Amino acid sequence: MNAPLIQPLYNEVQHGTWSTLYRRQRDNLEDKGARLYLGALDRMEVLTEEEIPKVDRMSAALQESTGWGLVIVPGLIPVDDFFALLSRRQFCTSTWVRRPDQLDYLEEPDMFHDTFGHVPPLMDPEFALFMQRFGEIGVDLCGNEQAVLALQRLYWFFVEFGFVEESGMPRAFGAGIMSSYGETNHAWNLRSDLRKFTLEGAMSTPFTTTEIQSTYFLIEDIPEVIREMEEWHAGMS
Ligand SMILES: [Fe+2]
């Protein structure tokens with residue numbers, strides 16, 4: 001078994017890049033982001049603009065809140081490992097931080113995406129349950145290529161690029177939006193043109209990782225997503 005990865009020390013430039021990203025995006029999200037997300041972000045005293053946060057402290061805060069934890073990974077990991085982690089209420093994060101000249105575009109997610117984008121919603125019990133069940137179902141269906149693709153699309157259009165409805169208004173929610181200033185503004189400009197989320201709609205819509213999104217789904221109710229996913233899973237066996 002490999003030894004657990006350890007978070008590196010960072011220099012002033014890296015901490016400065018983190019602070020710039022954080023401040024700019026927290027301000028940008030004030031009137032666009034889901035309260036579910038922003039409330040959790042503001043409650044997380046270990047995830048602030050001051051400096052690159054410690055993974056073990058964020059993990060402890062999550063553990064206390066919803067029983068989730070964080071593990072450090074070197075980069076993208078195989079999908080079956082990803083499902084297995086989620087099924088155990090563990091989310092994975094990289095620890096590298098983009099260079100100052102990469103504020104607006106990255107080919108692979110860095111720690112700002114993995115933590116600022118993904119960690120706050122895991123403080124919400126309903127979303128936390130969705131993610132665990134998603135992982136468990138993924139573990140169960142691994143090897144079924146079509147089912148895995150359907151789950152990857154669900155993850156893409158909900159966890160990465162979903163909007164949620166709050167008090168009758170669409171609010172940005174997915175980590176790919178929340179961690180990107182440009183994506184937030186692009187998506188926000190399309191908010192009157194969101195597709196109403198259905199499990200089948202998300203699972204049958206292709207996505208590309210190399211171009212800015214043209215389709216965003218609006219999720220009205222997270223427990224309903226879980227219910228639909230359970231039904232879909234039950235129909236697979
Ligand atoms: Fe992500």
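In what sense do β3 and β6 pair, and over how many bridges? Please describe the sheet around these strands, and then the helices.

Modeller: The model is a predicted one. In it, β3 and β6 pair in the parallel sense, over 2 bridges. Within this pairing, Val164 has Ile219 of β6 as its bridge partner.

These two strands belong to an open sheet of 4 strands with mixed pairing, and the order across the sheet is β4-β3-β6-β5. The strands β4 (169–172) and β5 (195–196) stand at the edges; each has a single partner strand, so one side of each is left without a neighbour in the sheet.

Strand β3, which covers residues 163–166, runs antiparallel to β4, and 4 bridges join the two. Glu165 has its bridge partner in β4, namely Pro170. The strands β3 and β4 form a hairpin with 2 residues between them, and in this hairpin Ser167 takes a positive phi near 50 degrees.

Strand β1 (residues 69–72) and strand β2 (residues 90–93) run parallel and are joined by 4 bridges. In this pair, Leu70 stands opposite Phe91 of β2. Together with helix α4 (residues 79–87), β1 and β2 make a β-α-β unit, which is right-handed.

Helix α4 leads us to the packing of helices. The axes of α4 and α6 come within 7 Å and cross at roughly 135 degrees. The two helices are therefore oblique to each other, and α4 passes α6 in a left-handed crossing. On the α4 side, the residues that meet α6 are Phe83, Ala84, Leu85, Leu86 and Ser87. Their counterparts in α6 are Met131, Gln132, Phe134, Gly135, Glu136, Gly138 and Val139. By class, this contact of α4 with α6 has 7 nonpolar, 4 polar and 1 charged residues.

Helix α6 (residues 125–141) also packs with helix α11 (residues 222–234), at an angle of about 15 degrees and with the axes 9 Å apart. Angles under 35 degrees count as roughly parallel, and α6 and α11 are therefore roughly parallel to each other. The crossing in which α6 passes α11 is left-handed. From α6, the contact is made by Glu126, Phe127, Leu129, Phe130, Arg133, Phe134 and Ile137. From α11, it is made by Ile222, Pro223, Val225, Ile226, Met229 and His233. By class, the contact of α6 with α11 has 10 nonpolar, 1 polar and 2 charged residues.

Key:
Residues numbered from 1 in each chain as written. Predicted model: local features only at pLDDT ≥ 70, side-chain atom pairs only at ≥ 80, totals over all residues. Axes fitted to C-alpha atoms, helices over the stretch in contact; angles between N-to-C directions. Parallel < 35°, antiparallel > 145°, perpendicular 65-115°, else oblique. Left-handed = near helix turned anticlockwise from the far one by under 90°. Contact = placed C-beta atoms within 7 Å. Nonpolar A, V, L, I, M, F, W, Y, C, P; charged D, E, K, R; others polar. Pairing = 2+ DSSP bridges. Right-handed = clockwise from strand over helix to strand, strands pointing away.
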